[in-house]
Amino acid sequence: MSSQVSTSRGLHPPGKLGTFESPHNWPQSAPTNQPEAGRDDDQDVRLLSVAWNQDCGCFAAGTSNGFRIFNCDPFKETFRRDLKSGGFGIVEMLFRCNILALVGGGSNVTYPPNKVMIWDDHQGRCIGEFAFRSDVRAVKLGKDYIVIVLERKIYVYNFTDLKLLHQIDTLSNPKGLCCLSHHSNTSVLACPGVHQGHVRVEHFGLKVTRMITAHDSHISCMALTLDGLLLATASMKGTLIRIFNTMDGTRLQEVRRGLDKAEIYSIALSPNVQWLAVSSDKGTVHIFSLRVRVAGEDSSSNEQRTLEGPRIDHQNSSSSIDPLVQTNTGSNASSSLSFMRGILPKYFSSEWSFAQFHLPEVTRYIVAFGAQNTVMMVGLDGRCIFDQVNGGQMTQKEYFRFLKADSSPPFRTSAT
(Lines give C-alpha, C1' and ligand atoms only; values in the text may rest on other atoms or scores of the structure.)
Protein backbone atom coordinates (compact mmCIF):
# COMPACT_ATOMS: atom_id res chain seq x y z
CA MET A 1 0.00 0.00 0.00
CA SER A 2 1.44 3.38 -0.97
CA SER A 3 0.48 6.91 -0.06
CA GLN A 4 1.05 10.38 -1.40
CA VAL A 5 1.39 13.45 0.80
CA SER A 6 1.15 17.03 -0.35
CA THR A 7 1.58 20.09 1.85
CA SER A 8 1.29 23.83 1.59
CA ARG A 9 2.83 26.59 3.62
CA GLY A 10 1.16 27.53 6.83
CA LEU A 11 1.20 24.24 8.74
CA HIS A 12 1.50 25.04 12.44
CA PRO A 13 2.03 22.79 15.44
CA PRO A 14 -1.19 22.17 17.39
CA GLY A 15 -1.76 24.55 20.26
CA LYS A 16 -0.98 27.77 18.38
CA LEU A 17 -4.29 27.90 16.58
CA GLY A 18 -7.65 29.56 16.89
CA THR A 19 -10.63 27.82 18.43
CA PHE A 20 -14.14 26.88 17.47
CA GLU A 21 -15.50 28.55 20.60
CA SER A 22 -15.81 31.92 18.84
CA PRO A 23 -17.28 31.25 15.40
CA HIS A 24 -17.79 34.94 14.67
CA ASN A 25 -14.01 35.35 14.39
CA TRP A 26 -13.78 33.06 11.35
CA PRO A 27 -12.97 34.74 8.01
CA GLN A 28 -15.86 35.50 5.70
CA SER A 29 -13.58 34.73 2.74
CA ALA A 30 -13.57 30.99 3.49
CA PRO A 31 -14.87 28.91 0.57
CA THR A 32 -18.06 27.89 2.39
CA ASN A 33 -20.86 29.69 4.12
CA GLN A 34 -22.21 29.51 7.67
CA PRO A 35 -26.02 29.71 7.70
CA GLU A 36 -28.18 29.87 10.78
CA ALA A 37 -28.38 26.67 12.81
CA GLY A 38 -31.52 24.64 12.33
CA ARG A 39 -32.79 26.34 9.20
CA ASP A 40 -35.52 24.66 7.15
CA ASP A 41 -33.26 22.99 4.57
CA ASP A 42 -31.99 20.69 7.33
CA GLN A 43 -34.76 18.44 6.05
CA ASP A 44 -32.47 17.62 3.09
CA VAL A 45 -29.36 16.96 5.21
CA ARG A 46 -28.26 13.41 6.03
CA LEU A 47 -26.00 12.62 8.96
CA LEU A 48 -22.94 10.62 7.78
CA SER A 49 -20.78 10.51 10.90
CA VAL A 50 -20.48 11.70 14.49
CA ALA A 51 -17.27 11.83 16.54
CA TRP A 52 -16.19 13.34 19.87
CA ASN A 53 -13.19 15.61 20.11
CA GLN A 54 -10.33 14.46 22.34
CA ASP A 55 -11.77 15.68 25.67
CA CYS A 56 -15.43 14.99 24.70
CA GLY A 57 -16.30 18.63 25.26
CA CYS A 58 -17.41 18.91 21.61
CA PHE A 59 -18.47 16.64 18.81
CA ALA A 60 -18.31 16.94 15.04
CA ALA A 61 -21.09 15.83 12.73
CA GLY A 62 -20.25 15.01 9.13
CA THR A 63 -23.26 15.62 6.92
CA SER A 64 -24.21 15.11 3.30
CA ASN A 65 -23.40 18.76 2.59
CA GLY A 66 -20.51 19.62 4.95
CA PHE A 67 -19.85 19.44 8.68
CA ARG A 68 -20.97 21.01 11.95
CA ILE A 69 -19.32 21.45 15.34
CA PHE A 70 -21.36 21.26 18.56
CA ASN A 71 -20.46 22.17 22.13
CA CYS A 72 -21.72 19.66 24.70
CA ASP A 73 -22.20 21.73 27.88
CA PRO A 74 -24.05 23.92 27.35
CA PHE A 75 -25.29 22.24 24.21
CA LYS A 76 -25.19 24.46 21.14
CA GLU A 77 -24.04 24.47 17.56
CA THR A 78 -20.88 26.55 17.48
CA PHE A 79 -19.83 26.28 13.87
CA ARG A 80 -20.73 24.84 10.48
CA ARG A 81 -19.50 24.66 6.93
CA ASP A 82 -21.96 23.86 4.17
CA LEU A 83 -20.80 22.75 0.73
CA LYS A 84 -22.60 22.57 -2.58
CA SER A 85 -20.49 19.69 -3.87
CA GLY A 86 -21.06 17.08 -1.16
CA GLY A 87 -20.28 16.09 2.41
CA PHE A 88 -17.82 14.33 4.70
CA GLY A 89 -17.90 10.78 6.03
CA ILE A 90 -15.11 11.49 8.53
CA VAL A 91 -14.65 14.73 10.48
CA GLU A 92 -11.94 14.55 13.14
CA MET A 93 -11.34 17.49 15.46
CA LEU A 94 -8.11 18.44 17.24
CA PHE A 95 -9.43 19.47 20.67
CA ARG A 96 -11.08 22.87 19.99
CA CYS A 97 -8.65 24.34 17.50
CA ASN A 98 -9.38 25.16 13.88
CA ILE A 99 -7.52 22.17 12.43
CA LEU A 100 -9.68 19.31 11.18
CA ALA A 101 -9.13 16.10 9.26
CA LEU A 102 -11.78 15.61 6.58
CA VAL A 103 -12.58 12.61 4.38
CA GLY A 104 -15.27 12.77 1.74
CA GLY A 105 -18.42 10.74 2.12
CA GLY A 106 -21.88 10.21 0.71
CA SER A 107 -22.28 11.61 -2.77
CA ASN A 108 -19.24 13.89 -2.42
CA VAL A 109 -17.46 14.05 -5.75
CA THR A 110 -14.94 16.70 -4.73
CA TYR A 111 -13.24 14.76 -1.92
CA PRO A 112 -13.03 10.98 -2.54
CA PRO A 113 -12.99 8.51 0.39
CA ASN A 114 -9.35 7.56 -0.25
CA LYS A 115 -8.02 11.06 0.56
CA VAL A 116 -7.51 12.83 3.89
CA MET A 117 -7.56 16.60 3.86
CA ILE A 118 -5.98 18.50 6.78
CA TRP A 119 -8.09 21.64 6.81
CA ASP A 120 -7.19 24.89 8.55
CA ASP A 121 -10.44 26.75 8.82
CA HIS A 122 -8.70 29.83 10.20
CA GLN A 123 -6.91 30.19 6.88
CA GLY A 124 -9.84 28.71 4.99
CA ARG A 125 -7.70 26.26 3.05
CA CYS A 126 -6.19 22.79 2.93
CA ILE A 127 -2.70 22.68 4.46
CA GLY A 128 -1.99 19.00 3.82
CA GLU A 129 -3.43 16.09 1.87
CA PHE A 130 -2.87 12.32 2.03
CA ALA A 131 -3.92 10.10 -0.87
CA PHE A 132 -4.12 6.29 -0.75
CA ARG A 133 -5.07 3.45 -3.06
CA SER A 134 -7.92 2.30 -0.83
CA ASP A 135 -10.59 3.99 1.25
CA VAL A 136 -9.68 5.62 4.55
CA ARG A 137 -11.47 3.94 7.46
CA ALA A 138 -10.62 6.39 10.26
CA VAL A 139 -8.40 9.34 11.18
CA LYS A 140 -7.09 10.19 14.66
CA LEU A 141 -5.42 13.47 15.56
CA GLY A 142 -3.12 14.17 18.50
CA LYS A 143 -0.86 17.03 19.47
CA ASP A 144 2.10 15.24 17.85
CA TYR A 145 0.59 12.75 15.43
CA ILE A 146 -1.78 12.26 12.53
CA VAL A 147 -2.94 8.64 12.39
CA ILE A 148 -4.66 7.35 9.25
CA VAL A 149 -6.34 3.96 9.30
CA LEU A 150 -6.84 1.83 6.19
CA GLU A 151 -8.38 -1.62 6.21
CA ARG A 152 -5.09 -3.47 6.69
CA LYS A 153 -2.54 -0.79 7.51
CA ILE A 154 -2.13 2.23 9.77
CA TYR A 155 0.10 5.20 8.92
CA VAL A 156 1.43 7.49 11.65
CA TYR A 157 2.70 10.92 10.59
CA ASN A 158 4.46 13.73 12.41
CA PHE A 159 1.96 16.55 12.81
CA THR A 160 4.45 19.38 12.24
CA ASP A 161 6.03 18.33 8.94
CA LEU A 162 3.73 15.43 7.87
CA LYS A 163 6.66 13.01 7.63
CA LEU A 164 5.80 9.33 7.88
CA LEU A 165 6.96 7.91 11.23
CA HIS A 166 5.40 4.44 11.44
CA GLN A 167 3.59 1.89 9.28
CA ILE A 168 1.61 -0.72 11.21
CA ASP A 169 0.11 -3.84 9.66
CA THR A 170 -3.24 -5.04 11.01
CA LEU A 171 -5.77 -7.76 10.46
CA SER A 172 -8.70 -6.72 8.28
CA ASN A 173 -10.07 -3.63 10.04
CA PRO A 174 -13.15 -2.40 8.13
CA LYS A 175 -14.41 -0.43 11.14
CA GLY A 176 -11.17 1.54 11.35
CA LEU A 177 -10.54 0.61 14.99
CA CYS A 178 -7.74 2.69 16.50
CA CYS A 179 -7.21 4.67 19.72
CA LEU A 180 -4.73 7.42 20.50
CA SER A 181 -3.92 8.77 23.96
CA HIS A 182 -4.12 12.51 24.67
CA HIS A 183 -1.91 13.11 27.68
CA SER A 184 1.12 15.41 27.90
CA ASN A 185 3.34 12.65 29.33
CA THR A 186 2.29 9.62 27.30
CA SER A 187 1.94 8.79 23.61
CA VAL A 188 0.05 5.52 23.21
CA LEU A 189 -1.71 3.98 20.21
CA ALA A 190 -3.87 0.85 20.27
CA CYS A 191 -5.12 -1.01 17.20
CA PRO A 192 -5.99 -4.55 16.07
CA GLY A 193 -2.99 -6.86 15.72
CA VAL A 194 -2.30 -9.25 12.89
CA HIS A 195 -4.00 -12.16 14.66
CA GLN A 196 -7.67 -12.57 15.54
CA GLY A 197 -8.55 -11.14 18.95
CA HIS A 198 -5.14 -9.51 19.46
CA VAL A 199 -4.55 -5.82 20.17
CA ARG A 200 -1.27 -4.07 19.37
CA VAL A 201 -0.24 -1.27 21.74
CA GLU A 202 2.49 1.18 20.77
CA HIS A 203 4.13 3.26 23.49
CA PHE A 204 5.81 5.78 21.21
CA GLY A 205 7.63 7.66 23.96
CA LEU A 206 9.06 4.46 25.42
CA LYS A 207 9.62 2.87 21.99
CA VAL A 208 7.87 -0.26 23.23
CA THR A 209 5.30 -2.49 21.48
CA ARG A 210 2.91 -4.75 23.42
CA MET A 211 0.73 -7.49 21.97
CA ILE A 212 -2.35 -8.23 24.08
CA THR A 213 -4.44 -11.35 23.57
CA ALA A 214 -7.76 -9.72 24.39
CA HIS A 215 -10.42 -12.10 23.00
CA ASP A 216 -10.86 -15.34 21.06
CA SER A 217 -12.93 -13.70 18.32
CA HIS A 218 -12.32 -10.52 16.31
CA ILE A 219 -12.09 -7.19 18.14
CA SER A 220 -15.24 -5.11 17.70
CA CYS A 221 -14.54 -2.00 19.78
CA MET A 222 -11.81 -0.52 21.97
CA ALA A 223 -11.01 2.57 24.03
CA LEU A 224 -8.02 4.01 25.88
CA THR A 225 -7.92 6.23 28.93
CA LEU A 226 -6.66 9.75 28.23
CA ASP A 227 -3.15 8.76 29.33
CA GLY A 228 -3.24 5.46 27.45
CA LEU A 229 -2.48 3.33 30.51
CA LEU A 230 -5.77 1.41 30.46
CA LEU A 231 -7.36 -0.30 27.47
CA ALA A 232 -10.97 -1.56 27.29
CA THR A 233 -11.95 -4.01 24.55
CA ALA A 234 -14.97 -5.92 23.27
CA SER A 235 -15.17 -8.71 20.72
CA MET A 236 -17.64 -9.45 17.94
CA LYS A 237 -19.69 -11.44 20.47
CA GLY A 238 -20.28 -8.27 22.48
CA THR A 239 -20.99 -10.03 25.77
CA LEU A 240 -17.81 -9.23 27.71
CA ILE A 241 -15.73 -6.08 28.07
CA ARG A 242 -12.18 -6.49 29.33
CA ILE A 243 -9.83 -3.92 30.81
CA PHE A 244 -6.06 -4.27 30.38
CA ASN A 245 -2.88 -2.66 31.63
CA THR A 246 -1.20 -1.39 28.45
CA MET A 247 2.24 -1.38 30.07
CA ASP A 248 2.49 -5.13 30.60
CA GLY A 249 -0.68 -6.45 28.92
CA THR A 250 -2.23 -7.95 32.07
CA ARG A 251 -6.01 -8.20 32.31
CA LEU A 252 -7.28 -6.19 35.26
CA GLN A 253 -11.05 -6.62 35.10
CA GLU A 254 -13.83 -8.25 33.08
CA VAL A 255 -17.45 -7.10 33.03
CA ARG A 256 -20.49 -8.56 31.32
CA ARG A 257 -22.83 -6.54 29.12
CA GLY A 258 -25.27 -9.44 28.65
CA LEU A 259 -25.75 -12.98 27.40
CA ASP A 260 -26.96 -12.40 23.84
CA LYS A 261 -24.60 -11.50 21.03
CA ALA A 262 -24.52 -7.74 20.38
CA GLU A 263 -22.65 -5.25 18.25
CA ILE A 264 -20.79 -2.86 20.52
CA TYR A 265 -21.04 0.66 19.13
CA SER A 266 -18.76 2.46 21.58
CA ILE A 267 -16.81 2.17 24.83
CA ALA A 268 -15.92 5.14 27.04
CA LEU A 269 -13.71 5.37 30.12
CA SER A 270 -14.32 8.27 32.51
CA PRO A 271 -11.49 10.81 32.94
CA ASN A 272 -11.15 9.83 36.62
CA VAL A 273 -10.80 6.15 35.65
CA GLN A 274 -13.79 5.32 37.84
CA TRP A 275 -16.47 4.35 35.32
CA LEU A 276 -16.85 2.56 32.01
CA ALA A 277 -19.77 3.09 29.61
CA VAL A 278 -20.83 0.78 26.76
CA SER A 279 -23.43 1.25 24.03
CA SER A 280 -24.65 -1.47 21.67
CA ASP A 281 -27.31 -2.40 19.15
CA LYS A 282 -29.44 -3.77 22.02
CA GLY A 283 -30.53 -0.22 22.82
CA THR A 284 -29.06 -0.11 26.34
CA VAL A 285 -26.21 2.01 27.65
CA HIS A 286 -24.45 0.18 30.50
CA ILE A 287 -22.31 1.82 33.18
CA PHE A 288 -19.74 -0.28 35.05
CA SER A 289 -17.69 0.56 38.12
CA LEU A 290 -13.94 0.10 37.58
CA ARG A 291 -11.81 -1.64 40.19
CA VAL A 292 -8.46 -0.32 39.03
CA ARG A 293 -6.62 2.86 39.78
CA VAL A 294 -3.87 4.59 37.84
CA ALA A 295 -0.98 6.47 39.41
CA GLY A 296 0.12 8.65 36.50
CA GLU A 297 3.58 9.42 35.32
CA ASP A 298 5.70 11.89 37.23
CA SER A 299 6.27 14.74 34.83
CA SER A 300 9.65 15.41 36.40
CA SER A 301 10.94 11.91 35.63
CA ASN A 302 13.76 11.50 33.16
CA GLU A 303 13.33 10.37 29.58
CA GLN A 304 14.83 6.97 30.28
CA ARG A 305 11.75 5.78 32.19
CA THR A 306 11.60 2.00 32.22
CA LEU A 307 8.51 -0.12 31.70
CA GLU A 308 7.82 0.23 35.39
CA GLY A 309 6.84 3.84 34.55
CA PRO A 310 3.18 4.62 35.19
CA ARG A 311 1.71 2.36 37.88
CA ILE A 312 -1.60 0.57 37.56
CA ASP A 313 -2.84 -1.07 40.73
CA HIS A 314 -5.57 -3.67 41.11
CA GLN A 315 -8.25 -2.96 43.68
CA ASN A 316 -10.47 -5.40 45.51
CA SER A 317 -13.50 -3.13 45.34
CA SER A 318 -14.62 0.20 43.98
CA SER A 319 -14.74 1.70 47.48
CA SER A 320 -10.99 2.31 47.71
CA ILE A 321 -9.87 5.51 49.41
CA ASP A 322 -7.66 6.26 46.43
CA PRO A 323 -8.55 9.78 45.23
CA LEU A 324 -9.38 8.47 41.78
CA VAL A 325 -12.18 6.32 43.19
CA GLN A 326 -14.62 8.00 45.55
CA THR A 327 -15.49 6.21 48.76
CA ASN A 328 -19.22 6.55 48.23
CA THR A 329 -19.44 4.80 44.86
CA GLY A 330 -21.25 1.49 44.42
CA SER A 331 -20.12 -1.82 43.01
CA ASN A 332 -21.21 -3.71 39.90
CA ALA A 333 -24.04 -6.18 40.27
CA SER A 334 -23.25 -9.90 40.52
CA SER A 335 -25.07 -13.19 40.91
CA SER A 336 -26.10 -14.31 44.40
CA LEU A 337 -24.17 -17.50 43.59
CA SER A 338 -20.93 -15.69 42.79
CA PHE A 339 -19.39 -17.10 45.99
CA MET A 340 -19.28 -20.45 44.16
CA ARG A 341 -16.76 -19.08 41.68
CA GLY A 342 -14.81 -21.92 40.07
CA ILE A 343 -17.59 -24.44 40.65
CA LEU A 344 -20.47 -23.00 38.65
CA PRO A 345 -20.10 -21.77 35.04
CA LYS A 346 -18.28 -18.45 34.54
CA TYR A 347 -21.58 -16.65 33.95
CA PHE A 348 -22.45 -16.84 37.66
CA SER A 349 -19.29 -15.01 38.70
CA SER A 350 -19.67 -12.20 36.15
CA GLU A 351 -19.79 -8.51 37.05
CA TRP A 352 -22.93 -6.90 35.64
CA SER A 353 -23.57 -3.23 34.96
CA PHE A 354 -24.02 -0.79 37.80
CA ALA A 355 -26.40 1.57 35.96
CA GLN A 356 -28.36 1.42 32.69
CA PHE A 357 -30.26 3.61 30.27
CA HIS A 358 -32.60 2.20 27.61
CA LEU A 359 -33.01 3.63 24.14
CA PRO A 360 -34.72 2.52 20.91
CA GLU A 361 -32.63 0.03 18.96
CA VAL A 362 -33.03 1.76 15.62
CA THR A 363 -29.99 4.08 15.57
CA ARG A 364 -26.25 3.69 16.12
CA TYR A 365 -24.97 5.98 18.88
CA ILE A 366 -21.77 6.69 20.79
CA VAL A 367 -21.24 7.57 24.45
CA ALA A 368 -18.88 9.68 26.56
CA PHE A 369 -18.70 10.97 30.12
CA GLY A 370 -19.60 14.54 30.97
CA ALA A 371 -19.39 16.51 34.18
CA GLN A 372 -21.04 15.48 37.48
CA ASN A 373 -21.70 11.80 36.76
CA THR A 374 -23.44 12.45 33.46
CA VAL A 375 -23.25 10.26 30.39
CA MET A 376 -23.58 11.85 26.96
CA MET A 377 -25.05 9.97 24.01
CA VAL A 378 -24.76 11.20 20.45
CA GLY A 379 -26.57 9.52 17.59
CA LEU A 380 -29.75 8.97 19.53
CA ASP A 381 -30.85 10.80 22.58
CA GLY A 382 -28.68 13.16 24.71
CA ARG A 383 -27.49 13.31 28.35
CA CYS A 384 -28.26 11.03 31.33
CA ILE A 385 -27.27 11.07 35.01
CA PHE A 386 -26.51 7.98 37.10
CA ASP A 387 -26.53 7.52 40.86
CA GLN A 388 -22.95 6.85 41.96
CA VAL A 389 -24.10 5.01 45.10
CA ASN A 390 -27.20 3.04 44.16
CA GLY A 391 -26.85 2.70 40.40
CA GLY A 392 -29.90 1.33 38.60
CA GLN A 393 -31.86 2.98 35.82
CA MET A 394 -30.43 6.30 34.66
CA THR A 395 -32.72 9.27 34.10
CA GLN A 396 -32.72 11.63 31.16
CA LYS A 397 -31.41 15.10 31.93
CA GLU A 398 -31.39 16.80 28.54
CA TYR A 399 -32.45 16.05 24.98
CA PHE A 400 -31.56 17.93 21.79
CA ARG A 401 -32.20 17.14 18.15
CA PHE A 402 -29.08 18.65 16.59
CA LEU A 403 -30.30 18.23 13.02
CA LYS A 404 -33.88 19.28 12.40
CA ALA A 405 -34.65 16.55 9.90
CA ASP A 406 -36.90 13.87 11.38
CA SER A 407 -34.41 11.16 10.45
CA SER A 408 -31.49 12.75 12.28
CA PRO A 409 -30.38 11.47 15.70
CA PRO A 410 -30.54 13.68 18.80
CA PHE A 411 -28.13 14.30 21.64
CA ARG A 412 -29.00 13.18 25.18
CA THR A 413 -27.45 13.36 28.62
CA SER A 414 -28.80 11.33 31.53
CA ALA A 415 -28.59 10.29 35.20
CA THR A 416 -30.56 8.83 38.16
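Author: Let's start at C56, which has a relative accessible area of 21% and so counts as partly exposed; the cut-off for buried is under 20%. Keep in mind that this is a predicted model. You'll find C56 in the loop between β2 and β3, and β3 covers residues 58-63. The backbone here is worth a look too: phi of C56 is near 60°, a positive value in a residue that isn't glycine. Most residues other than glycine have a negative phi.

Now follow the chain into the sheet around that loop. Four strands make an open sheet here, in the order β2-β3-β4-β5, and their pairing is antiparallel. At the edges stand β2 (47-52) and β5, each with a single partner strand, so one side of each has no neighbour in the sheet. On average, neighbouring strands of this sheet are turned by 15° against each other, if you ignore direction.

Let's zoom in on β4 and β5. They pair in the antiparallel sense over 6 bridges. Most peptide bonds are trans.

How do you describe two rings side by side? A pair of aromatic rings is described by the distance of the centres and the angle of the planes. For F67 and F79, the centres are 6.4 Å apart and the planes make an angle of 40°, so the pair counts as tilted. F67 sits in strand β4 (residues 66-71) and F79 in strand β5 (residues 76-82), so their pair ties together parts that are 12 residues apart in sequence. Both F67 and F79 are buried. There's also an aromatic cluster to find, made of W52, F59, F70 and F75. The total for the model is 13 aromatic pairs.

F95 lies in the loop between β6 (87-93) and β7 (99-105). Its phi is near 50°, a positive value in a residue other than glycine. F95 is partly exposed, at 32% relative accessibility.

Okay, zoom out. The protein chain has 36 strands and 0 helices. Of its 416 residues, 55% count as buried. Take the contacts between residues at least 6 apart in sequence: 49% of those join residues at least 24 apart. The chain exposes about 18,100 Å², with carbon and sulfur atoms supplying 47% of that.

β16 (residues 198-203) and β17 pair in the antiparallel sense over 6 bridges, and H203 stands opposite V208 in β17.

One last stop is T374, in strand β31 (residues 374-378). T374 is buried, with a relative accessible area of 1%. Its side chain reaches the backbone oxygen of A371 at 2.7 Å.

Notes: Residues are numbered from 1 along each chain as its sequence is written. This is a predicted model: local features need pLDDT of at least 70, side-chain atom pairs count only at pLDDT 80 or more; totals for chains, interfaces and linings use all residues. Side-chain values use heavy atoms; hydrogens and water are left out. Helices (H or I, at least four residues) and strands (E, at least two) are DSSP runs, numbered from the N terminus. Buried means under 20% relative accessible area, exposed over 50%, partly exposed in between (1.4 Å probe, protein chains only). Contact means heavy atoms within 4.5 Å. Accessible areas come from the Shrake-Rupley method with a 1.4 Å probe; for residues, only the protein chains shown count as cover. Two strands pair if DSSP finds at least two bridges between them. A polar contact is a pair of N or O atoms within 3.5 Å; within protein, one must be able to donate a hydrogen and the other to accept it, and residues adjacent in sequence count only if both atoms are side-chain atoms. Rings of Phe, Tyr and Trp (its six-membered ring) pair if their centres lie within 6.5 Å; planes under 30 degrees apart count as stacked, over 60 as edge-to-face and the rest as tilted. Axes are lines fitted to C-alpha atoms, for helices over the stretch in contact, and angles run from 0 to 180 degrees between N-to-C directions.
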